[in-house]
Amino acid sequence: MHRFRRFLLIALFGGVLTACGPSSGQGNPIPIPSSGHGGHGSPANATTVTTKLLDFAPEKVTVKAGTTVVWKVDGGIGHNVTTGTFTLGGDGLRDSERPDGKIDMPLTKDGEVSFTFTEPGTYSYYCSIHKGMNGSVEVTG
């Protein structure tokens, strides 16, 4: 049922979703300035999360403090990465969002963003464009 709902959303909103990212030839990587990593490319101690259509994969990652998480687009749909809290409705989609301002960056077609997590804790994130895309980063000491 979950896959059918995603298929239905894609079929109904395909044109809108395609319009979320820039047109061909524009998707330069956009790094998030953070402690220890502000340039292009992934640092040696990076963990990668990839968008797979309307999912973050893996959805949950556990890293040590000081690790950079890199989010990359796999496919032609643009997204964004926003940290904060949210609630899910009965349909499994977010029905409220409260961004915390730590990360709020566009994830353009063929692009990437990154952030180095220095403090232990659990950080929830989501794509504010697509209500079913959620994930979390657990940072250990």
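Phe56, Trp71, Phe115, Phe117, Tyr123 and Tyr125 are joined into a cluster by ring pairs; rings of Phe, Tyr and Trp (its six-membered ring) pair if their centres lie within 6.5 Å. This is a predicted model, where local features need pLDDT of at least 70, side-chain atom pairs count only at pLDDT 80 or more, and totals for chains, interfaces and linings use all residues. Residues are numbered from 1 along each chain as its sequence is written, and side-chain values use heavy atoms, with hydrogens and water left out.

Searching the whole structure turns up six aromatic pairs. Two of them go in the table; planes under 30 degrees apart count as stacked, over 60 as edge-to-face and the rest as tilted.

| Pair | Centre to centre | Angle between planes | Type |
|---|---|---|---|
| Phe115 and Phe117 | 4.9 Å | 70 degrees | edge-to-face |
| Phe117 and Tyr123 | 5.0 Å | 50 degrees | tilted |

Phe115 and Phe117 are both buried (under 20% relative accessible area; exposed is over 50%, partly exposed in between, with a 1.4 Å probe and protein chains only). Tyr123 is buried too, like Phe117.

Now for the threonine. Thr47 sits in strand E1, residues 46–52 (strands are DSSP runs of E, at least two residues, numbered from the N terminus). With a relative accessible area of 23%, Thr47 counts as partly exposed. Leaving out residues up to four places away in sequence, Thr47 touches Val61, Val63, Thr67, Thr68, Val69 and Val70, where contact means heavy atoms within 4.5 Å. Thr68 lies 21 residues from Thr47 along the chain, yet their C-alpha atoms are 6.3 Å apart.

Notes:
Helices (H or I, at least four residues) and strands (E, at least two) are DSSP runs, numbered from the N terminus.
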